[in-house]
Amino acid sequence: MNTRTNKLTLSMISVVLILVVLGCGGAGAECVGTVAYQGKTFEGKAKTANEAKGNACNNYCRDADPEYDAMYRIWLDSPKGKAAGSPSKQEAIFKDEALMKFVTETCSKRCVATMNPDAKCK
């Protein structure tokens, strides 16, 4: 191979590595929040510890909170839920404002206040 080909190959490898690092959240300070419920750990990432804890709680609320689960099942059987195509619990919050508000405000705030989420920052 000639020098020009080597430089081009090296440049392409460098670009790919940079994209991988940025895609995996390697840019800037990152915090990972965790909250445990019934032996399962839920994670959330953000730039600050408090946001990471909130995101971990959002994931708990969406995936495991019994009250959200009941609200989701009722909504799913409603005309709005059926019209939305019966989305998953995770997708439903983007289809219904009340479900989104419950997860991100009511449940998440209760989780942060009572479930002792933790956060570690790089």
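Helices here are DSSP runs of H or I with at least four residues, strands are runs of E with at least two, and both are numbered from the N terminus. The closest N and O atoms of Asp 69 and Arg 73 are 3.1 Å apart, and the pair forms a salt bridge, meaning a side-chain nitrogen of Lys or Arg within 4 Å of a carboxyl oxygen of Asp or Glu.

Notes on the source: this is a predicted model, in which local features need pLDDT of at least 70 and side-chain atom pairs count only at pLDDT 80 or more, while totals for chains, interfaces and linings use all residues. Residues are numbered from 1 along each chain as its sequence is written, and side-chain values use heavy atoms, with hydrogens and water left out.

**Overview**

I listed six helices and three strands, in the order α-β-β-α-α-α-α-α-β from the N terminus. Of the 122 residues, 31% are buried; buried means under 20% relative accessible area, exposed over 50%, and partly exposed in between, with a 1.4 Å probe and protein chains only.

**Helix H3**

I checked the length of H3 next. Its 12 residues should span 16 Å at 1.5 Å a residue, and the end C-alpha atoms are 17 Å apart, which agrees; the expected span is 1.5 Å times one less than the number of residues.

I then asked which residues of H3 are buried. They are Tyr 68, Asp 69, Tyr 72, Trp 75 and Leu 76. These cover an arc of only 130° around the axis, so they lie on the same side of H3; the arc is taken from the directions from the helix axis to the C-beta atoms. The face turned away from that side carries exposed Arg 73, Ile 74 and Asp 77. The cover over the buried residues includes H2, H4 (79-83), H5 (89-92) and H6, counting contacts as heavy atoms within 4.5 Å.

At the N-terminal end of H3, I found Asp 65 as the cap, with a side-chain oxygen 3.1 Å from the backbone nitrogen of Glu 67.

**Core**

The largest nonpolar core has 17 residues, and Val 35, Tyr 60, Tyr 68, Tyr 72, Trp 75, Ala 92 and Leu 99 have the most contacts inside it. Such a core is a set of buried Ala, Val, Leu, Ile, Met, Phe, Trp, Tyr and Cys residues joined through side-chain atoms within 4.5 Å. H2 (49-64), H3 (66-77) and H6 (97-114) each supply at least two of its residues, and the largest share, five residues, comes from H6.

I looked up Trp 75 separately. Leaving out residues up to four places away in sequence, Trp 75 touches Lys 80, Gly 81, Ala 84, Pro 87, Ala 92, Lys 95, Asp 96 and Leu 99.

**Other salt bridges**

My search of the whole structure gave seven salt bridges. Arg 110 pairs with Asp 65, the closest N and O atoms being 2.9 Å apart. This links distant parts of the chain, 45 residues apart: Arg 110 is in H6 and Asp 65 in the loop between H2 and H3. Arg 110 is partly exposed at 32% relative accessible area, while Asp 65 is buried at 3%.

Lys 80 pairs with Asp 96 at 3.0 Å between the closest N and O atoms. Lys 80 lies in H4 and Asp 96 in the loop between H5 and H6, so the pair ties together parts 16 residues apart in sequence. Lys 80 is exposed at 54% relative accessibility, and Asp 96 is buried at 5%. Last entry: salt bridges with shared partners join Asp 65, Glu 67 and Arg 110 into one network.

Definitions and conventions. A polar contact is a pair of N or O atoms within 3.5 Å; within protein, one must be able to donate a hydrogen and the other to accept it, and residues adjacent in sequence count only if both atoms are side-chain atoms.
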